[in-house]
Amino acid sequence: MAGPDAELAAKLQPDVPHAARIWNYWMGGKDNFQSDRAAGDAVAEVYPEIVLMAQQSRVFLVRAVRYLAAEAGIRQFLDIGTGLPTMQNTHAVAQGIAPDSRIVYVDNDPMVLVHARALLASTTSEGVTTYVPADYHDPEKILAEAAQTLDFDQPIAVMYMGVMGYEPDLDVVRSIVGRTMDAVPSGSHLVLWDGTDTSPAVVSGADRLAQSGGVPYILRSPEELESCFDGLTMVEPGLVPIPLWRPENPDAVGIDAYGAVARKP
């Protein structure tokens with residue numbers, strides 16, 4: 001292997017647990033290493049529901065994107081911190097409803113970028129799917145790059161799916177979200193979910209993740225997450241445990257992860 005892919009592969013650090021690969025393992029994916037599986041198993045020992053959370057996070061993404069594409073008429077998606085592709089990714093769901101949808105994925109993980117070519121090849125002929133290599137701490141760079149694909153005069157769905165827990169300062173999180181939403185027009189939407197400190201077990205799981213060598217993940221209260229939506233209009237049912245956001249299963253039960261979809265007036 002030579003060229004950019006070789007450089008990216010050299011950065012993978014298979015002996016160091018990595019958030020995107022651990023999450024891929026919990027979701028049943030194959031793009032992970034032994035260090036990731038060991039860290040993932042350590043968390044699951046004290047918080048078995050983490051596997052359910054990983055699965056439900058994708059179900060929430062699918063329902064949210066379907067709502068945005070089918071009911072809200074959104075045709076542009078900015079998925080920031082997308083992680084490793086698994087199944088029913090944002091572009092597949094959106095373009096399955098509206099083939100002309102345009103999707104920009106953003107991530108700074110070298111393993112995600114290695115997988116980018118295969119994912120981009122699966123886009124529709126009418127739509128556009130592209131990747132921006134960037135860190136969510138640099139929204140101005142993300143917005144500048146995304147503007148090459150997205151029309152910022154038309155509504156955009158901005159998505160932060162379970163990634164803000166890696167930033168320890170809530171004020172920084174709110175600043176990142178605010179700067180991004182300030183740049184998109186009226187009618188745009190914010191989709192955000194994250195893990196919450198709503199049970200002793202999930203707190204123990206977060207502690208075990210850090211002890212296992214993974215990047216610490218900061219659990220926040222639902223009230224703290226709700227503050228990220230300041231100035232936006234919540235779509236019903238508001239900020240709720242992600243399995244309870246417009247569930248297809250009437251017997252759905254909550255977990256320690258809250259999410260919402262909100263519209264920019």
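In which helix is the place of asparagine 24? Asparagine 24 lies in helix α2, where helices (H or I, at least four residues) and strands (E, at least two) are DSSP runs numbered from the N terminus. The model is predicted, with local features requiring pLDDT of at least 70 and side-chain atom pairs counted only at pLDDT 80 or more, whereas totals for chains, interfaces and linings use all residues. Residues are numbered from 1 along each chain as its sequence is written, and side-chain values use heavy atoms, with hydrogens and water left out.

Asparagine 24 has a relative accessibility of 2% and therefore counts as buried, a term that denotes under 20% relative accessible area, with exposed meaning over 50% and partly exposed in between (1.4 Å probe, protein chains only). Contact is defined as heavy atoms within 4.5 Å. With neighbours within four places in sequence set aside, asparagine 24 is in contact with Gly29, Lys30, Asp31, Asn32, Leu84, Pro85 and Thr86. Helix α2 (residues 19-26) is largely enclosed by the rest of the structure, because 6 of its 8 residues are buried. These are Ala19, Ala20, Arg21, Ile22, Asn24 and Trp26. The elements covering them include α3 (34-46), α4, α6 (110-114) and α10 (200-211).

The largest nonpolar core contains 45 residues. Such a core is a set of buried Ala, Val, Leu, Ile, Met, Phe, Trp, Tyr and Cys residues joined through side-chain atoms within 4.5 Å. Met53, Leu68, Phe77, Val191, Trp245 and Val261 have the most contacts inside the largest core. Helix α4 (residues 49-71) contributes the most to this core, with 11 residues. A second, separate core comprises 33 residues, including Ile156, Tyr160, Val163 and Tyr258. Beyond neighbours within four places in sequence, methionine 53 contacts Trp23, Tyr47, Trp193, Val202, Ile242, Ile255, Asp256 and Ala257.

Helix α4 also packs against another helix. The axes of α4 and α5 (residues 90-97) come within 9 Å and cross at roughly 35 degrees; axes are lines fitted to C-alpha atoms, for helices over the stretch in contact, and angles run from 0 to 180 degrees between N-to-C directions. In this contact, Leu61, Val62, Val65, Arg66, Ala69 and Ala70 of α4 meet Thr90, Val93, Ala94 and Ile97 of α5.

Strand β4 (residues 157-161) is largely enclosed by the rest of the structure, because 5 of its 5 residues are buried. Ala157, Met159 and Met161 lie on one side of β4 and Val158 and Tyr160 on the other, and both faces are covered. Strands are taken to pair if DSSP finds at least two bridges between them. Strand β1 (residues 76-80) runs parallel to β4 and is joined to it by 4 bridges, with tyrosine 160 in β4 as the bridge partner of isoleucine 80. Strand β5 (residues 189-195) pairs with β4, also in the parallel sense, over 5 bridges; tryptophan 193 in β5 is the bridge partner of methionine 161.

Aspartate 194 is located in strand β5. Its relative accessibility is 1%, so aspartate 194 counts as buried. Excluding residues up to four places away in sequence, aspartate 194 touches Gly162, Val163, Met164, Gly165, Tyr217, Leu225, Ala257 and Tyr258. The C-alpha atoms of aspartate 194 and serine 221 are separated by 9.6 Å, the two residues being 27 residues apart along the chain.
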